[in-house]
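Please open the structure in a viewer and keep the sequence at hand.

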Amino acid sequence: MAAVMTALIFLYYLLPLGTAVQFGGDEGYQLITGFLMSKGYALYTPIWNDQPPVHVLLLKWLFQHWGPSILAARLMAAGFGLVLFGTFFQLVRQRLAGRTALLATLFLVSGPAIFELSVSAMQEVPAFALALVSVWLLFQWSHKRRWGWLLVSGAVMGVALGIKLTAVLVVPAMLVEVWLAFNRPRAPVLMKPAALAILTWIITTGLIFAGITLLWGQGSFQTSFRSHFAEHAITGLARPEDFPLPFSLFWDHAECTGAAIVGLILVSRRRQWRPFALPLVMLATVMFIHLFHRPWWGYYYLHLAIPLAWLAGFAVNEALTHVSRLLARSQLDFASSKTWQGVGLCALVALVLVRAEGRLESGVKNLRERERVETSPILAKMKENAGRTHWVYVQYPHEIYPFQAQLLMPPELALVTLKRFWSDQISEAQIIEICRHYQPEQVLLKAEPLSDAWQAFLSPYTIVYQDKDFVLYVLK
């Protein structure tokens, strides 16, 4: 465990946490929301948001004490990343073995965009980090049968849901774990105690989540419900159906996917269902939901990577164990088929591990090469005009620029996503009308043809910066 944490801290140390303009794609709106809240603007009214409040509240408190620091926000994100990977390691080690846990953690950290996600000021990693902590507490309860562990597990899951509702994807697997805790070999399941434990856990989770919602999340229900369940097509905009689960992701993580399939086969043949109940149920839950739910966003891969890495680590560990047995029995007799089987299997395992390590190395290199604050021409121009700027409007997902320049956005426009358009909670006409009300001194738009309404609004503005991606307008 200490070695895993040390290695991760070293990797985080290599990254430009305080100087890179942007890591994760949704960093901007999280940061600008926390920044606006630290300046006294209220969440949900006037700041639109369709997610629970805990993460942006943490950012608000962080900025109130440390100022609007990107370094502080990413250090908090990295802290949650350490909790995610460290708890995952502990869970696998508790059910299997230390070497399996180490291999599984490598597969998880090296998953496509997972490492970047763990240092991005976004909600997914914090939510699932606490969800896994809740699982760990549940494991302690199943061994010690002290109800305090069960209650704390439910409370932590309530906080995880208060960060992001996608943490609910872990809940079915946890309920199965509670049920199986009362399943004794060659004896009927203790129905009443199992049902009582499940009910206790659910009520505790619900009470904590309801408390968070009532205390800090007032106003979130209507926007969240409409964002997730009301949709209509808008001419010129992509639809939710245009964002399905891309199966190319499994190819991008082929070594983990292949090893996980082998792990599934081994579990099935040996009927080792109990030690793998959690990853198996979680994998089935996540696959079922994401096969049918639209839209799919790239950071959702974390939901799949957790159970896949668990199974992949098991499969590779079993392969290493089998190799050591083959080579020990043959005593490196090159005339023996077992020797060659062992050598071939060893080479395959090495290929799998090298591919995983290579992707992690590439991911670290990519993050180290991100655009820096001090070299960004857009930020330079925004800061140059900051002295006479009170409001800035930028199109989603580029809210990172006003945050890095420490300029405010109109609170109603801090988050303008496709879901907000789909659920009829915003329109281009409303955006322009809000901009007329606030009269932002700077407007950053994508470099694409503008509608007549935007051209009319921008008539008193002049272009001070333009490249292939952006156009920055400043009020004359």
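**The loop between H2 and H3**

Begin with Tyr44, which is found in the loop between H2 and H3. The model is a predicted one. The phi angle of Tyr44 is near 80°, a positive value in a residue other than glycine. With a relative accessible area of 6%, Tyr44 is buried.

Next, select Thr45 and Pro46, which are joined by a cis peptide bond with omega of about 10°. Pro46 is placed in the loop between helix H2 (27-38) and H3.

**From H3 to H10**

Under the rule for ring pairs, the count comes to 22 aromatic pairs. Select Trp61 and Trp216: their ring centres are 6.0 Å apart and their planes stand at 70°, so this pair is edge-to-face. Trp61 belongs to helix H3 (residues 54-66) and Trp216 to helix H10 (residues 191-216), so the pair ties together parts that are 155 residues apart in sequence. Trp61 has 33% relative accessibility and counts as partly exposed; Trp216, at 37%, also counts as partly exposed.

**Charges over rings**

Now display Arg74 with Phe23. The charged end of Arg74 sits over the ring of Phe23, 4.2 Å from its centre. Then move to Arg145, whose charged end sits over the ring of Phe182, 4.8 Å from the ring centre.

**Helix H5**

Select residues 98-109, which form helix H5. At 1.5 Å a residue, the twelve residues of H5 should span 16 Å, and the end C-alpha atoms are 16 Å apart, which agrees. Which residues of H5 are buried? They are Thr100, Ala101, Leu103, Ala104, Thr105, Phe107, Leu108 and Val109.

**The cavity**

A search of the whole structure finds one cavity of 30 Å³ or more. The volume of the largest cavity is about 50 Å³. To see its lining, select Asp26, Tyr29, Met122, Gln123, Glu124, Lys164 and Tyr299. By class, this lining has three nonpolar, one polar and three charged residues.

Select Arg294 and Pro295, where the peptide bond is cis and omega is near 5°. Pro295 is placed in the loop between helix H14 (277-292) and helix H15 (301-330).

**Final selections**

Colour Tyr393, Trp454, Phe457 and Tyr461, which form one aromatic cluster. Finish at Gln439, in the loop between helix H20 (428-438) and strand S2 (442-446). The phi angle of Gln439 is near 50°, a positive value in a residue other than glycine. At 33% relative accessibility, Gln439 counts as partly exposed.

Note on methods: Residues are numbered from 1 along each chain as its sequence is written. This is a predicted model: local features need pLDDT of at least 70, side-chain atom pairs count only at pLDDT 80 or more; totals for chains, interfaces and linings use all residues. Side-chain values use heavy atoms; hydrogens and water are left out. On a 1 Å grid over the protein atoms alone, a cavity is a set of points where a 1.4 Å probe fits but cannot get out, and a pocket is an open set with protein on both sides within 12 Å along at least five of seven lines; lining residues have an atom within 4 Å of a point. Grid points are joined across faces, edges and corners, and a volume is the space filled by probe spheres set on the points. Ala, Val, Leu, Ile, Met, Phe, Trp, Tyr, Cys and Pro count as nonpolar, Asp, Glu, Lys and Arg as charged, and the others, Gly among them, as polar. Rings of Phe, Tyr and Trp (its six-membered ring) pair if their centres lie within 6.5 Å; planes under 30 degrees apart count as stacked, over 60 as edge-to-face and the rest as tilted. Helices (H or I, at least four residues) and strands (E, at least two) are DSSP runs, numbered from the N terminus. Buried means under 20% relative accessible area, exposed over 50%, partly exposed in between (1.4 Å probe, protein chains only). A charge sits over a ring if NZ of Lys or CZ of Arg is within 6 Å of the ring centre and within 35 degrees of the ring normal. The expected span of a helix is 1.5 Å times one less than its number of residues.
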